[in-house]
Amino acid sequence: MSRRIAIYGGSFNPIHNGHTSIARAVCETGVVDEVWFMVSPLNPLKKDAAKTILPTDIRLRLADLAVEDVDFLKVSDFETRLPVPSYTFTTLTELEKAYPGCEFSLIVGQDNWERFSRWYKGDEIKAAHDIIVYGRNEENGNQQQGGAVFAQVHFYRKDGSVERLDSDDHLFKLYDISSTQIRNAFKTHDLPFAAKWLHPDVFRHILENALYAQ
């Protein structure tokens, strides 16, 4: 049986608890065996980010620290060995060649899903791979339960069928946080805010190396 791998791509500048919690929850539903965080050298749709993004090797290090204690969460530098800019279609094509025993799907946020038509060969990706969509928008969020807000998560299969992954047994918390907010927190010395959203080892590494001090 093929090993089922969900690719969670992004700049991860830096990786935060929202990223890792979503990945954990996806694995816990049983639709995939592992999630690989695919750290991108540069998102083709975020060219302005080149001014603020940390070097790829540092972002990979931070991601490794964030998942080092979770067996089913991995960090991959695979995309760093591919031509820039990094297109998901190319990454998936090359992954299938390199790992013929694996079946690859994608995890994307609602914002990326809504602009999927802008992705390079987006229709071909949808025809060849399952896609897990984490609903970020308010209209996609479930009602509050016990003071927490939960997201709707849909599993779009390549055969055209759609399945809701969130249920009474598998709840996906809605994380109102971004890497931009965390970078700004370091710049303004709001360390309690940054610490709240980062793995302790990630927070310590950023602080000790003054990674977002400028």
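**Aromatic pairs and nonpolar cores**

Let me start with Y87, which is partly exposed at a relative accessible area of 33%, where partly exposed lies between buried, under 20%, and exposed, over 50%, with a 1.4 Å probe and protein chains only. Please keep in mind that this is a predicted model, in which local features need pLDDT of at least 70, side-chain atom pairs count only at pLDDT 80 or more, and totals for chains, interfaces and linings use all residues. Residues are numbered from 1 along each chain as its sequence is written, and side-chain values use heavy atoms, with hydrogens and water left out.

The structure holds 15 aromatic pairs, meaning rings of Phe, Tyr and Trp (its six-membered ring) with centres within 6.5 Å, called stacked when the planes are under 30 degrees apart, edge-to-face when over 60, and tilted otherwise. Y87 and Y120 form one of them, and because their centres are 4.8 Å apart with planes at 45 degrees, the pair is tilted. Y120 is also partly exposed, at 39%.

W113 and F116 have ring centres 5.4 Å apart and planes at 45 degrees, so this pair is tilted, and both residues are buried. K126 lies over the face of W113, at 5.4 Å from the ring centre; that calls for NZ of Lys or CZ of Arg within 6 Å of the centre and within 35 degrees of the ring normal.

Finally, the largest nonpolar core has 44 residues, of which V35 and I132 touch the most other members; such a core joins buried Ala, Val, Leu, Ile, Met, Phe, Trp, Tyr and Cys residues through side-chain atoms within 4.5 Å. A second, separate core of 18 residues includes W113.
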